[in-house]
Amino acid sequence: MTLIQPFIEFAFMRRALVACVALSLSATPLGVFLLLRRMSLVGDALSHAVLPGAAIGYLLSGLSLVAMGIGGAIAGLTVALMSAAVSRYTPLREDASFAGFYLGSLALGVTLVSLRGSSVDLLHVLFGSLLAVDNPSIVLVSGVSGCTLLVLALIYRPLVIDAFDANFLRAQSRWASPLVHAVFLVLVVINLVAGFQVLGTLMSVGLMMLPAASARLWSRQLSGTLFAAMIVASMASFGGLIASFYLSLPAGPAVVLGAAILFFISILIGPCGGIFAVSKIFFKAKEYI
């Protein structure tokens with residue numbers, strides 16, 4: 001009863017939990033595919049890339065959800081397209097171009113927010129304000145989550161093929177691989193924008209990538225990995241909010257810290273490669289019998 005009491009008594013806790021679970025259902029599958037495509041740090045780069053657009057929205061309209069969201073989406077998509085173009089037409093690899101753009105975006109965004117706002121406003125943009133989530137934010141996050149799951153269902157097969165054998169997909173259709181890649185990056189950007197409204201630009205990528213990395217150690221099948229990632233993210237959301245309520249911790253970082261703790265637990269005892277996995281100990285014991 002102690003664990004669910006805060007959600008029964010306080011509406012702001014319920015809204016925060018709904019927002020986090022909605023993100024858990026849509027952002028973590030994208031994190032799994034980022035891992036499969038060896039683009040783990042691209043999520044981090046794009047989470048920083050939305051900051052200049054969000055800062056411009058803040059300068060024009062203050063802490064307006066709509067203005068900052070639109071600005072963040074435009075900035076994130078611009079960086080994604082520019083990075084793809086640079087990697088296509090220059091010798092630089094995609095990870096290098098993303099690194100260059102995201103570092104510049106982070107510096108520009110912090111500078112823009114600092115021009116008008118205070119350090120409190122900067123912290124709000126960078127780390128979010130999870131317990132201040134309102135109904136429009138929930139509608140936005142839930143809408144993004146639903147649209148993401150729908151689009152993922154539509155492009156699932158070509159996305160899986162592109163992740164495991166991109167050359168085969170290119171052989172089937174010249175435009176299939178670039179189109180799937182572009183749609184996938186758009187989904188990543190809009191989920192990071194939705195997450196930044198809740199967890200801030202620096203924390204939103206944590207709920208996308210940490211559960212995805214944890215899930216890899218709990219299932220060898222893609223469907224099982226996707227499901228495990230959603231479960232881990234939901235558990236981290238619930239546990240982080242409970243910890244923030246009873247221990248007076250900042251809610252957003254507490255959720256991501258919960259995901260990090262589950263990641264370390266997965267490293268230790270995950271059945272699919274954990275250091276102290278029961279199956280690994282069993283087979284090692286059989287070698288000495």
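The following questions and answers walk through a predicted model of one protein chain.

Visitor: How many helices and how many strands does the chain have?
Guide: From the N terminus on, the elements run α-α-α-α-α-α-α-α-α-α-α-α-α-α. The count is 14 helices and 0 strands.

Visitor: What share of the residues of the chain count as buried?
Guide: A residue counts as buried when its relative accessible area is under 20%. The chain has 289 residues, and the share of them that count as buried is 47%.

Visitor: How far apart are the end C-alpha atoms of helix H10?
Guide: Helix H10 covers residues 176–199, which is 24 residues. At 1.5 Å a residue, the helix should span 34 Å. The model agrees, because the end C-alpha atoms of H10 are apart by 34 Å.

Visitor: How many of the residues of H10 are buried?
Guide: H10 is mostly covered. Just after this helix, Gly-200 takes a positive phi of about 90°. Within H10, the number of buried residues is 18 of 24.

Visitor: Is Val-189 buried or exposed?
Guide: Val-189 is found in helix H10. Its relative accessibility is 0%, so Val-189 counts as buried.

Visitor: How far apart in space are Val-189 and Leu-77, C-alpha to C-alpha?
Guide: Not counting residues up to four places away in sequence, Val-189 touches Leu-46, Ala-73, Gly-76 and Leu-77. Val-189 and Leu-77 are 112 residues apart in sequence. In space, C-alpha to C-alpha, the two are apart by 6.5 Å.

Visitor: What does the UniProt record list for residues 176–196?
Guide: In the model, residues 176–196 are 100% helix and 0% strand, with end C-alpha atoms 30 Å apart. The unreviewed UniProt entry lists several spans under one feature name, including 176–196 and 226–249.

Visitor: How much of the span of residues 226–249 is helix?
Guide: The end C-alpha atoms of residues 226–249 are 29 Å apart. The span is 0% strand, and its helix share is 92%.

Visitor: Which residues does Ser-105 touch, not counting residues up to four places away in sequence?
Guide: Ser-105 is found in helix H6, residues 94–116. At 8% relative accessibility, Ser-105 counts as buried. The residues Ser-105 touches are His-48, Ala-49, Pro-52 and Val-79.

Visitor: What distance separates the C-alpha atoms of Leu-17 and Leu-241?
Guide: Leu-17 has its place in helix H2, residues 11–36. Leaving aside neighbours within four places in sequence, Leu-17 is in contact with Phe-7, Phe-238 and Leu-241. Leu-17 and Leu-241 are 224 residues apart along the chain, and the distance between their C-alpha atoms is 7.4 Å.

Visitor: What is the relative accessible area of Ile-265?
Guide: Ile-265 lies in helix H13, residues 251–269. Together with residues including Trp-218, Leu-257 and Phe-276, Ile-265 forms a nonpolar patch on the surface, with about 750 Å² of accessible area together. Ile-265 is partly exposed, because its relative accessible area is 38%.

Key. Residues numbered from 1 in each chain as written. Predicted model: local features only at pLDDT ≥ 70, side-chain atom pairs only at ≥ 80, totals over all residues. Heavy atoms only, no water. Patch = residues over 30% accessible without salt bridge, like charges linked within 9 Å, V, L, I, M, F, W, Y side chains within 5 Å. Areas by Shrake-Rupley, 256 points an atom, 1.4 Å probe, with all protein chains shown as cover. Salt bridge = Lys/Arg side-chain N within 4 Å of Asp/Glu carboxyl O. Helix = DSSP H or I, 4+ residues; strand = E, 2+ residues; numbered from the N terminus. Buried < 20%, exposed > 50% of the residue type's maximum accessible area, 1.4 Å probe, protein only. Expected span 1.5 Å × (residues − 1). Contact = heavy atoms within 4.5 Å. UniProt positions renumbered as here; feature names shortened; annotations may be inferred.
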